[in-house]
Amino acid sequence: HLLDHPENSGVKLWDPYLKNDMVCVLFGSSDTAKSSLIRNLCLDIVSGKTEFLGLPLNTVHKRALIVTTEDMPSDITGVLSKVAETYIDKESLGRLGFYFEFDNSFEDLNKILEKNPCDIVVIDVWSDIFKGNPNDFTQVRQSMRQFKKIASQHQTLVVLIHHSIKNAENKASDKSL
C-alpha cells in the first residue's frame, strides 16, 4: 500500500513545499510578479536567510542560478543595483548567477552546476526554451524529465516559470481548444 512507504526524506529547501531535488512550475498570466517572487526567493537563498515568507528556508550552498530568456544583462544590472543598496551585500549577491543564452543545452547547465552547485535553478521562461509542441503531452514530459534529471543529479530545486496565453484569463474555459 502506498501509505505504508516512508515519506521521501529529501531536504525541503522551502519547507514544507519545495524540495531540493524536484521540479516545479510557477504558472500564471503575464505581469503577476512571478519572476519577482522567485527572484526574491533567490535573493533570500544567497543571503543565507533562514525564512522566506515566514516559512523555513534550508539552504546548502547559498547559491542560485537564474536562466532568463526575457531579460538582458542591462535589465538585471538595473534591478540588482537597487537591491544591493538596501537589501543584500555584494558578497551574497555574487552567489546569484545569471545565464542569458540557454539553447536547451542541458550539458552546459550540468557543467555550470558541477562548478557552482546551487540550491535553486530558475528557468524564466520555460516556453522560450521548449522546442516542441506544448500541446503534445509526450514532448512536454520529455522536457520535464530532462529538468528532473538535473534536479536529482545536482540536488537542486528547478523552478520553471511559465506564462498562460496572453488574455487567456479573460476567456471562458473550453476543453475542445
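First, the ground rules. This is a predicted model, where local features need pLDDT of at least 70, side-chain atom pairs count only at pLDDT 80 or more, and totals for chains, interfaces and linings use all residues. Residues are numbered from 1 along each chain as its sequence is written, and side-chain values use heavy atoms, with hydrogens and water left out.

Let's start with helix 6. Helices here are DSSP runs of H or I with at least four residues, strands are runs of E with at least two, and both are numbered from the N terminus. Helix 6 spans residues 137-154, 18 residues in total. From first C-alpha to last, helix 6 reaches 26 Å, close to the 26 Å expected at 1.5 Å a residue. That expected span is 1.5 Å times one less than the number of residues.

Which residues of helix 6 are buried? They are V140, S143, F147, I150, A151 and H154. Buried means under 20% relative accessible area, exposed means over 50%, and partly exposed is in between, with a 1.4 Å probe and protein chains only. In general, an α-helix has 3.6 residues a turn, so residues three or four places apart point the same way.

Now the other face. Turned away from the buried side, helix 6 carries the exposed residues F137 and K149.

What covers the buried residues? The cover includes strand 3 (23-28), helix 4 (106-115), strand 8 (120-124), helix 5 (126-129) and strand 9 (157-163). Contact means heavy atoms within 4.5 Å.

Next, the two ends. D136 caps the N-terminal end of helix 6, with a side-chain oxygen 3.0 Å from the backbone nitrogen of T138. A polar contact is a pair of N or O atoms within 3.5 Å; within protein, one must be able to donate a hydrogen and the other to accept it, and residues adjacent in sequence count only if both atoms are side-chain atoms. Just after helix 6, Q155 takes a positive phi of about 50°.

On to salt bridges. How many does a search of the whole structure find? Three. The term means a side-chain nitrogen of Lys or Arg within 4 Å of a carboxyl oxygen of Asp or Glu.

D21 pairs with K19 at 3.6 Å, N to O. Both D21 and K19 are buried.

E91 pairs with R95, the closest N and O atoms being 3.7 Å apart. E91 counts as exposed because its relative accessibility is 61%.

K111 pairs with E107 at 3.5 Å between the closest N and O atoms. Both lie in helix 4, four residues apart, about one turn.
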